[in-house]
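Hi everyone, thanks for making time this morning. Could we have the sequence and the model up on the screen, please?

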Amino acid sequence: MTNPNAVVSDTQSAIAMAITTAVNTSSLYSTTVPTSPYNITLFSRNKFPMTKSIETAVTAAGAHGGMGKNIAWVEAMRASSPTRNSSNDSEDKKVWITKHPSALGMFDEIMSAAKMKQVVIFLDYDGTLSPIVENPDQAYMDPEMRIAVKNVAKHFPTAIVSGRCRAKVYNFVRLSELYYAGSHGMDIKGPSSRNHQQGNQNVLCQPAKEFLPMMAEVYKILLKKTKDIVGANVENNKFCLSVHYRCVEEQSWSDLYDRVKSVLKDYPELKLTQGRMVFEIRPTIKWDKGNAIEFLLESLGYANSKDVLPIYIGDDRTDEDAFKVLRKRGQGFGILVSKLPKETDAFYSLQEPFEVMYFLQRLVAWKRSMLRNH
Ligand SMILES: [Mg+2]
């Protein structure tokens, strides 16, 4: 353990940890500018910076802009549709797949880098372990996928890193041996059982805890504001509010965006980003999935270790923050789940959750063969 303030070793002290965690949330309201041990600078309430962690086309085109800027958002909403083929050009796809080859095709190469190293697995949930479905409350995981994840967790420290609130993603996955980083990593908890030799099993990190009352308030307002837009679904993910529009008619997207934007006018401490068919509202602090995996690697004792190989599999823009961290560390691999060419910092690609499952099964088979041969 490299940071005694960030990790606790049992469930009960995990609660105390929320208070003493190195990312001291009370400092969010102070006039000083403390720096966390995770290189996260926390600001006083009037000094929240716009994070640049998600520099999407939409933010560049005017996430906080004025009249007429929603055209860019609506275009981005169209592009984020999982069923929409934004590039039919097979040449483009060929070039893209050369740059981001299939993690299944490159499996042996990937694992040759893993010899003598501790593999740590990070998995997004929606669109990675479960298919993207119309009703986000029904994004169930295939039982075979659950077995694959369970087997992976027997051999490697494994974390689910999701935009969903921790409790919700846990209810979908229902494996107590995993780490869970909910709300885009703003709510992290370790396994409740002790399956791994190394590291401390209960971590808890809530860098945006002070925002909880505000998030609850904005959730209620968003519910009221969007209730007459057919298909709009506001989800309270605790530290992140999600406004799903996959069931909203395309002609209402602009109206929905305007309404969400009008609510946020009164909350400059919150920012609006976009995922796959979803708007996401989060506290404007520099904490994302990338910070979450750094926190977890540190918690596992691999902050500065050369003997670790993190593998992160995800399908969304928010997963790019994690891919970037792996590139920056020069360690491990990001794997993007996508059928379409997309700009990404991932090294490899997989086309859909089924391929993710197959990759996880191969990982387990690889580990078992390594154990047999030694
Ligand atoms: Mg996803």
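The cut-offs here are 20 or more other C-beta atoms within 10 Å for buried, 12 or fewer for exposed, and partly exposed in between, with the C-beta atoms placed from the backbone.

Before going on, two words about what we are looking at. This is a predicted model: local features need pLDDT of at least 70, side-chain atom pairs count only at pLDDT 80 or more, and totals for chains, interfaces and linings use all residues. Residues are numbered from 1 along each chain as its sequence is written.

Now the overview. The protein has 374 residues, and 44% of them count as buried. Its secondary structure comes to 12 helices and 13 strands; helices (H or I, at least four residues) and strands (E, at least two) are DSSP runs, numbered from the N terminus. If we take the contacts with a separation of 6 or more, 60% are between residues 24 or more positions apart. A contact means that two C-beta atoms, placed from the backbone, lie within 7 Å.

Let's go back to Pro-213, which lies in helix 8.

How many strands form it, and in what order? There are 4, in the order 7-8-10-9, making an open sheet with antiparallel pairing. Two strands pair if DSSP finds at least two bridges between them. Strand 7 (233–236) and strand 9 are the edge strands, each pairing on one side only. From one strand to the next, the twist averages 20 degrees.

Let's walk across it. Strand 7 and strand 8 run antiparallel and are joined by 4 bridges, and Asn-233 has His-244 in strand 8 as its bridge partner. Another 4 bridges link strand 8 (residues 241–244) with strand 10, again antiparallel; here Val-243 stands opposite Phe-279 of strand 10. Strand 10 is then joined by 6 bridges to strand 9 (residues 270–275), also antiparallel, and Leu-272 faces Ile-281 of strand 10 across that pairing. Strands 9 and 10 form a hairpin with 2 residues between them, and Met-277 in the turn has a positive phi of about 60 degrees. As for strand 10 itself (residues 278–283), 6 of its 6 residues are buried.

What lies against this sheet? Helix 8 lies across strand 7, strand 8, strand 9 and strand 10, running at about 15 degrees to strand 8. Helix 9 packs on the sheet too, touching strand 8, strand 9 and strand 10, and its direction makes about 155 degrees with that of strand 9. These angles run from 0 to 180 degrees between N-to-C directions, and axes are lines fitted to C-alpha atoms, for helices over the stretch in contact.

The two helices also meet each other. The axes of helix 8 (residues 212–226) and helix 9 (residues 253–264) come within 10 Å and cross at roughly 150 degrees. Helix 8 contributes Val-218, Ile-221, Leu-222, Lys-225 and Thr-226 to the contact, and helix 9 contributes Leu-256, Arg-259, Val-260 and Val-263. By type, that is 6 nonpolar, 1 polar and 2 charged. Nonpolar covers Ala, Val, Leu, Ile, Met, Phe, Trp, Tyr, Cys and Pro, charged covers Asp, Glu, Lys and Arg, and the others, Gly among them, are polar.

Next, the cores. A nonpolar core is a set of buried Ala, Val, Leu, Ile, Met, Phe, Trp, Tyr and Cys residues joined through C-beta atoms within 7 Å. The largest has 56 residues, of which Phe-122, Ile-160, Leu-296 and Ile-335 touch the most other members. Another core, of 27 residues, lies apart from it and includes Met-215, Leu-256, Tyr-257 and Phe-279.

One last stop, in the loops. Most residues other than glycine have a negative phi. Met-116, not a glycine, has a positive phi of about 70 degrees; it lies in the loop between helix 5 (107–112) and strand 2 (118–123). Arg-174 has a positive phi of about 50 degrees, and sits in the loop between helix 7 (166–173) and strand 4 (179–182). Met-116 counts as exposed because it has 7 C-beta neighbours inside 10 Å, and Arg-174 is exposed with 11 other C-beta atoms within 10 Å.

Thanks, everyone!
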